[in-house]
Amino acid sequence: MDTTFEPRFLSPALFRLRVQTPKIKEKKNMELVQGFPLLYQQFTALFKKNLLLSWRNKSATFLQLFSSFFFMFLLFGIEKATESRTKTSTGFKTVTNPQPMWEPPIPPCEDKFYVKMPCFDFVWSGNDSTRIANIVTAIMINNPNRQIRSDKVKSFRTEEELDDWLFRNPMQVPGALHFVDVSPSLITYGLQTNSTPVVRRGHYEDPTFKFQIPLQIAAEREIARSIIGVPTYNWKVGLTEFAHPAKAAFSAVATVGPAFFLAFTMFGFVLQITNLVAEKELKLRQAMNMTGLYESAYWTSWIIWEGIITFISSLLLVLFGMMFQFDFFKKNNFGILFFVFFLFQVNMIVTIAGFPYKKSISAFLRFIWSFFPPNLLAQAVNLLSDATSTPEALGISWKGRSKCPPDTDDCVMTINDVYTWLICLFFLWFALAIYFDNIFPNVSGVRKSVIYFFNPGYWTGKGGGKVEEGGMCSCITEIPQQDHIVPDDEDVLEEENIVKNDVKDNTVNPDVAVQIRGLGKTYPGTTQIGCCKCKKTSPYHAVRDLWVNFRKDQLFCLLGPNGAGKTTTINCLTGITPVTGGDALVYGHSVRSTVGMSGIRKIIGVCPQFDILWDALSGEEHLQLFASIKGLPPALIKSVAQESLAQVKLTESAKVRARSYSGGMRRRLSVAISLLGDPKLVILDEPTTGMDPISRRHVWDIIQNTKKGRAIVLTTHSMEEADILSDRIGIMAKGRLRCIGNSIRLKSKFGTGFIANVRFGNTNGGQTPSRTPEDTSSRHHEDVKKFFKYHLDITPTEETKSFLTFVIPHDKEGVLKDFFAELQARQSEFNVSDIQLGLATLEEVFLNIAKQAELENAAAEGKMVTLDLTSGKSVQIPVGARFVGVPETNSSENPGGIMVEVYWVQDDSGSLCISGHSNEMPVPSNVQPLPSAPQLLARTNMLRQRRGPVYGLVYDSNQIIAAQS
Ligand SMILES: Nc1ncnc2c1ncn2[C@@H]1O[C@H](COP(=O)(O)OP(=O)(O)OP(=O)(O)O)[C@@H](O)[C@H]1O
Ligand SMILES: [Mg+2]
């Protein structure tokens, strides 16, 4: 393993040779657009973005525009179905000159809707009388147009017998006659029918007219003929309905129409709201805000775009309504209908229920109810359908919009009133939407003050973007103050003092781009109210007391384990999250001031840790959009976008949508976006994560080239990247800066030392195949090992047939020169072909710092773990303790007792756990255990001989090492 072959040793010139870099044109004197022209530019760019997104998302846009067709078609189907049901009834037709129906015949029972076979045309009781039997025979013979067959009539003796038969044989007969032969001059009869009207396949059956009246006329005719004894007596009865106007027919539009119209408007509303919420949730809006987006440009573009969509869909709704020939759409004025739906749609908010606008409902309730647009729509639809309910009705004309439809005496709200309400509500809800959008926490948990609009800066555009943390009731959860911690590392302390001196003098070194002055960020704990209990999480200090300068023309690399606070620091600098302590100045603009923040947004470019891109937009479109928001001159936008794409090698995929980009391509696009508009400070949060080595090296080169004239802050988990790119490195852990300096300084300070690689060669210089026996080779190995052991007291950390690797501690630095001189002199004696010496890797430094931070944290939290000794005993020890004494092991031989050295490793999550311990050894004399709570417990246990966990005695490792040596 060639550990010395580190990137650090590659000279910048060598590095440049290896990576072919596209020359990046310096855009000198590129004046950014400002003020109203910028607002207009942002508006047009966003409008274009909305247009593109709608175009790309064709199915949703098609639904939004053409859903009205499906609703109208359904409504048409319902209307036609009900119309065919009622078309046989004259009730829904205007009858002015009714014609009588003469001598209606008894119809065959098979004509009855829903009848069971075998059926009878009628049944009768009283068959013990011959006179009655003759009357019934006459009814059958004299039935107009048709004689009734005898098998189609059934007789019974009494009414009870007939009822009993009816009960047992339902639906087999439409009517029954009950004759009673009272006297020669008197015959009475009773009539029994099922009078329920029924409908079958769109035909209406009224049993009264179809069966009852013909049966009645036949019975009366034949009784009369029998009594007077004239079988041909003329008995002619005609049935004539009243002359009447048409009854208001069933109107699908009037009955189910409101629900359908509401469903249609909801359709559009849901799609609109989905787009808006998605942009907010995916942090796309936040990304645009960071680039200096005006809120007004955002809202105007959104409202105007959705306004256009709504305009078209309302227009289509009315056109489709007319196409399906609904009176509702044909008769009412086109404009009237259009404005009802259009104004309603732009108002769409909540509730589906309708409210009766009646005189009997108090004016106050009507007023309150009118704040919910669906109620207004329901009222407008009611008015419009009332105005077209009869064939004579003319509908509402444009001029008649402020009048109630004729024949409606309970009308309290006209179409004009509905318009007025909808227009006012549009402005009211729009203002409230923006207000709530501002005062509720966004995806980053920040919001504006509830009275933010009182701040004049909000209206003038000079600030007003000041944000607060937490929910609306965050006043209850106070953010605890962070204590000042004096750094252990002298470089960090020195950096802190440099910044503090600047603060004291109220100056900033002109070389400094970003000065972080005691920055602190504490996330407040959250309170979750469950059904029975409240759960409260404690506040979390993500960044603690950070003092550091990022210099101009330099790249500062921020390293640290996951959760160290790197992204949080960046979020504080970009204003995504408000700081809770200290301040930071970016080119003199304070992140705490709202004016400062708007200044900062103009001069920074940010590549966030997670790509914030629209799936449906291509790389080129992204760059053009962000370039417009940034304020690049319109004439340059296209060429700049092309150049940026070429820079990140995305020219070929320029027109491909981001959805189809690979992870690395998305990262490259994000990097390109962050470099748009020549920002003076570029913040790159893990820019190369997920990139292949070629792309990574390419992006490194871009970063390297863009260093000039700006400051770059970079976070990464690639030590190689940090090593190559950084001018200075800061390693953070648990929210604190643990070390700072350039790569060499950190390696020499925090690495385990130097790494020496000794390579063995062929005895004959590699000219011919080696004939050196195995034992000769191992002898050389042994000799070199002895040589290192003798001079430096070290053994190899890695050993192969041709290599030996040694880690040389820093304290041996003084003797190294002579040591290597001697080794070189004896090179041929040891058969050594090559000796390489290098510093420890940055990774090692990183791991050491992370481990140290974990130790500190564990000590601060007082975490305990169980140490199982090989002797079988178990003791509780604090996490990270190195030398631990076992209680009750004092003897005359070992007056101080027995102790072990505990070895710690970090698990996958970075937490410390015990990997093993040394052999038991005596505690050196004159060394006392450290006083701490567990120690005291250990002693108390010993004194009182109490049962319970046994606590180990922790010794100061420095004291032990000193005593041992
Ligand atoms: N909105 C938040 N609310 C509460 N805690 C948060 C929030 N955002 C981040 N944190 C916490 O702050 C700490 C620092 O997070 P941060 O994202 O800054 O880490 P990081 O150094 O960027 O890590 P990584 O290398 O994984 O990106 C983490 O412990 C995280 O859980
Ligand atoms: Mg991060």
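The model is a predicted one. The chain has 965 residues, and 36% of them count as buried. It contains 30 helices and 33 strands. Taking the contacts with a separation of 6 or more, 71% are between residues 24 or more positions apart.

I will begin with the ligand. How many residues surround ligand 1? There are 13, and the closest are Tyr523, Ala542, Asn562, Thr567 and Thr568. By type, the shell has 4 nonpolar residues, 8 polar and 1 charged. Two elements each supply at least two residues of that shell: strand E14, residues 540-551, and helix H18, residues 566-574. Which element gives the most? That is H18, with 3 residues.

E11 and E14 run antiparallel and are joined by 9 bridges. Within that pairing, valine 514 stands opposite phenylalanine 550 of E14. E11 is also joined to strand E16, residues 581-586, again antiparallel, by 5 bridges. There, arginine 517 has aspartate 583 of E16 as its bridge partner.

Next, strand E15, residues 555-559. All of E15 is buried, 5 residues of 5, so this strand too is largely enclosed by the rest of the structure. Which residues point which way? Leu555, Cys557 and Leu559 point to one side of E15, while Phe556 and Leu558 point to the other, and all are buried. The strand has parallel partners. With E20, E15 pairs in the parallel sense over 4 bridges, and leucine 555 has isoleucine 712 of E20 as its bridge partner. With strand E21, residues 728-733, the pairing is parallel as well, over 4 bridges. In that case leucine 559 stands opposite isoleucine 731.

The buried residues of H23 are Arg696, His698, Val699, Trp700, Asp701, Ile702, Ile703 and Thr706.

Now to an earlier part of the chain. Strand E2, residues 122-125, pairs with strand E4, residues 175-183, in the parallel sense over 3 bridges. Serine 125 stands opposite histidine 178 of E4 there. E4 then pairs with strand E5, residues 186-193, in the antiparallel sense over 8 bridges. Valine 180 stands opposite threonine 188 in E5. How many residues lie between the two strands of this hairpin? There are 2 residues between E4 and E5.

Then the annotated segments. An unreviewed UniProt entry carries the annotation "transmembrane region" for residues 259-278, 298-322, 334-357 and 418-440. In the model, residues 259-278 are 100% helix and 0% strand, with end C-alpha atoms 28 Å apart. Residues 298-322 are also 100% helix and 0% strand, and there the end C-alpha atoms are 36 Å apart.

Phenylalanine 339 lies in helix H12, residues 334-345. Is phenylalanine 339 buried or exposed? It has 21 C-beta neighbours inside 10 Å, and therefore counts as buried; the threshold is 20 or more. Its C-alpha atom is separated by 9.1 Å from that of leucine 315, which is 24 residues away along the chain.

Last, valine 884, in strand E29, residues 883-886. Valine 884 counts as buried because it has 23 C-beta neighbours inside 10 Å. Leaving out residues up to four places away in sequence, valine 884 touches Leu867, Val875, Ile877, Met899, Val900, Val902, Gly952, Leu953 and Val954. Where does valine 954 sit relative to valine 884? The two are 70 residues apart along the chain, and their C-alpha atoms are separated by 4.7 Å.

Technical notes
Residues numbered from 1 in each chain as written. Chains lettered and ligands numbered in written order. Predicted model: local features only at pLDDT ≥ 70, side-chain atom pairs only at ≥ 80, totals over all residues. Near = placed C-beta within 6 Å. Nonpolar A, V, L, I, M, F, W, Y, C, P; charged D, E, K, R; others polar. UniProt positions renumbered as here; feature names shortened; annotations may be inferred. Buried ≥ 20, exposed ≤ 12 C-beta atoms within 10 Å, placed from the backbone. Contact = placed C-beta atoms within 7 Å. Pairing = 2+ DSSP bridges.
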